[in-house]
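Here's a walk through the model, taken one region at a time. Keep the 3D view open and click along as you read.

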Amino acid sequence: MKRRYFIDKITSSTIFGLAFPFISFEKIKFNSKKITILHTNDVHSHIDPFPSTDPINPNGGGIIARAKMINTFKKENPNTLVLDAGDIFQGTPYFNFFGGEIELKLMSKLGYNASTLGNHEFDNGIKKLAKSLKHANFPLLNSNYTIKNTPLEEKIKNYEIFIVDGIKIGVFGIGIKLKGLVDKNLYSGIEYLDPIEISQDVTNKLKNELKCDIIICLSHLGFNRGYKDGIMCDLILAEKTKDIDLIIGGHSHTFMKNPVKVKNLKGKQVIINQVGCFGINLGKIDFYLTENKISKKSSSIKV
Amino acid sequence: MKPILYFNNKKYKNIVIVIIILFLSCNNYNYQINNIKVENIIVLDSIVKNEELDNLVQPYKNKIKDLQKIIGYSKKSLSIRDGILESSLGNLLADILIEESKPVFNKMYSKNIDFCLLNFGGVRGNLNKGQITQHHLFTIMPFNNTSTVVKLTGKKVLELIKYINKAKLAHPTSGIQIEFIGEKIDKVIVENKKFNVDDTYYVLTSNFLQEGGDKMDFFKNPLELYPLKTNIRDVLINYITKKDTIIGKKDNRIIRF
């Protein structure tokens, strides 16, 4: 039935296009779609909410409140992805005693679709990180660490494609330079590659080969620290690449009130959003999409 | 169902197939983003229950419940972010570490620690007023860093001071007083004596920073290296357990005029 409906739709609309090739298509509302992205970053093993006596975030955060919020938004719009920008690990005794097992199990239960490698994911070394990944039913994505011949090989994906309500969403991950942040013995064998070059390669593939409608980068580079000195951060990544629509940031624990909008190399808008740390906030991004009428019209005219 | 007729009609059949092929080949991007709405929402709901998640967390929680035992009291809420180049919590942590490490180092090597430098990024949480548990110390210092003493030349200590000047963060220190006037280093006192670039100094820090963590490269390749190998968090826990009530405050030990 689905296939027949597809053919129905194409024939009727293209015939219509043939008959009236110069008609303004603006007036005809084709399918418009809404995709919701929910996201966290730098949760740092914060599973329990802050105590009611906390002077800054009384009762803030906590896995149960987050689960409820995610479920509510998913009910509002089932076409939702849940993403995280790394540093899942380290920050409470849950990590010191259980090595990340419980964090990944809970994120799986909450329906996370993907995360990336933050520097603290390496705090117990590559071997233990690789072992802990069996508790996650979602992929951890990274494109700019060389993981060949390390225990992470075949456990970390470059990118993942999600098809949500017919919309193709490409998600990839970019990590920070580990030197100076992580003991070198804990990440031996991994080299850091230039985020800009790698992002250009990955987005080129996602956009032009795999025809993604939305491209999202899960970045653990940090928002803007070092921007003035040309040290890699989300602001630079956004400006110096071409096809990223959204950067979900992390590492700098930046509590953004509003997202930051940056023009990329093509002059197109890139959105950077980050929600601080410890699961205190949840980011919610709604993408509204419409069928690309221009390409449809030109194909009709050609006939 | 009307359009199906076109498809069944031989006259249109070929043209429809051509159109479909053209459509599929030309239509590179089916959808384009028209509008994006962003909202960052506070996660807050203290009364909500979730049995499934509770059941998952509980066994882990039970295993670490001993950490909830009260080990002491804090007179005030202390934070690493309540100052510019120093902080109430940073001062307390560095003071405790140097106080506890001095006798140990002296006994082991008959030498005296001059001052202590830790890093801002290593302090991950606040210490709230009232009861202190081991759990709190884990959230304040989650890393399993150990204490280390290095013997540095005065030149390397000058690099350290320049690092603090440039970083503009409240890195925890103890035993050293620095006054900056604008960007200029005006006065440095170590152990109640004026800093001398020709002297050597014993500096207490963590193994992470000694190995070049947080780009503190002046700690790399010291004149002498003494890894004390005690977990810094354990030192803090033992001290608080012993003292019961602790007071931390800012005292302008690192200041810019």
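How many bridges join strand E8 (residues 214-219) of chain A to E9(A), and do they run parallel or antiparallel? The count is 3 bridges, and the two strands run parallel. One pair to look for is Leu218(A) and its bridge partner in E9(A), Ile248(A). Bear in mind as you go that this is a predicted model.

## The six-stranded sheet in chain A

E8(A) and E9(A) belong to an open sheet of 6 strands with mixed pairing, and the order across it is E6-E7-E8-E9-E11-E10. Strand E6 (159-164) and E10 of chain A stand at the edges with a single partner strand each, so each has one side without a neighbour in the sheet. On average, neighbouring strands here are turned by 25° against each other, if you ignore direction.

Moving along from E9(A), you get to E11(A). Strand E9 (residues 246-248) of chain A is joined to E11(A) by 3 bridges, in parallel, and Ile247(A) stands opposite Ile272(A) of E11(A). E10(A) and E11(A) make a hairpin with 5 residues between them, and Gly267(A) in the turn has a positive phi of about 85°.

## A closer look at E11(A)

Is this strand enclosed or open? In strand E11 (residues 269-273) of chain A, 4 of the 5 residues are buried, so the strand is largely enclosed by the rest of the structure.

Val270(A) has 26 C-beta neighbours inside 10 Å, so it counts as buried. Leaving out residues up to four places away in sequence, Val270(A) touches Ala238(A), Ile244(A), Asp245(A), Ile247(A), Val262(A) and Asn264(A). Take Ile247(A) from that list: Val270(A) and Ile247(A) are 23 residues apart in sequence, yet 7.4 Å apart in space, C-alpha to C-alpha.

## Nonpolar cores

Ile247(A) turns up again in the largest nonpolar core, which has 81 residues. The residues with the most contacts inside this core are Leu83(A), Ile169(A), Val171(A), Ile216(A), Leu218(A) and Ile247(A). H2(A) gives the most to this core, with 6 residues. Apart from it lies another core, of 49 residues, among them Leu78(B), Ile80(B), Leu92(B) and Ala170(B).

Back in the 81-residue core, Ile169(A) is worth a click too. Not counting residues up to four places away in sequence, Ile169(A) touches Ile35(A), Leu81(A), Phe162(A), Val164(A), Cys212(A), Asp213(A), Ile214(A) and Ile216(A).

## Helix H4 in each chain

Which residues of helix H4 (residues 101-109) of chain A are buried? They are Ile102(A), Glu103(A), Leu104(A), Leu106(A) and Met107(A). Their cover includes helix H2 (63-76), strand E2 (80-84), helix H3 (93-98) and helix H5 (125-132) of chain A, together with helix H3 (51-63) of chain B. After H4(A) comes Gly111(A), with a positive phi near 85°.

Chain B has its own H4. Helix H4 (residues 88-109) of chain B packs against helix H8 (residues 232-243) of chain B at an angle of about 90°, with the axes 10 Å apart. The two helices, H4(B) and H8(B), are therefore roughly perpendicular to each other. H4(B) brings Leu93(B), Ile96(B), Leu97(B) and Glu100(B) to the contact, and H8(B) brings Ile232(B), Val235(B), Leu236(B) and Tyr239(B).

## A three-stranded sheet

Chain A also has an open sheet of 3 strands in the order E3-E4-E5, with parallel pairing. Strand E3 (115-116) and strand E5 (156-157) of chain A are the edge strands, each pairing on one side only. Strand E4 (residues 140-141) of chain A pairs with E5(A) over 2 bridges, and Leu141(A) has Lys157(A) as its bridge partner in E5(A).

The average pLDDT of chain A is 89, and 86% of the residues score at least 70. Two stretches are another matter. Over residues 1-28 of chain A, pLDDT stays under 50, and the model has 23 contacts beyond four places in sequence for them. Residues 295-303 of chain A also stay under 50, with 22 such contacts.

Note on methods:
Residues are numbered from 1 along each chain as its sequence is written. Chains are lettered from A and ligands numbered from 1 in the order in which they are written. This is a predicted model: local features need pLDDT of at least 70, side-chain atom pairs count only at pLDDT 80 or more; totals for chains, interfaces and linings use all residues. A residue is buried if 20 or more other C-beta atoms lie within 10 Å of its own, exposed if 12 or fewer, and partly exposed in between; C-beta atoms are placed from the backbone. Two strands pair if DSSP finds at least two bridges between them. Two residues are in contact if their C-beta atoms, placed from the backbone, lie within 7 Å. Axes are lines fitted to C-alpha atoms, for helices over the stretch in contact, and angles run from 0 to 180 degrees between N-to-C directions. A nonpolar core is a set of buried Ala, Val, Leu, Ile, Met, Phe, Trp, Tyr and Cys residues joined through C-beta atoms within 7 Å. pLDDT is the predictor's confidence in each residue, from 0 to 100. Angles under 35 degrees count as roughly parallel, over 145 as roughly antiparallel, 65 to 115 as roughly perpendicular and the rest as oblique.
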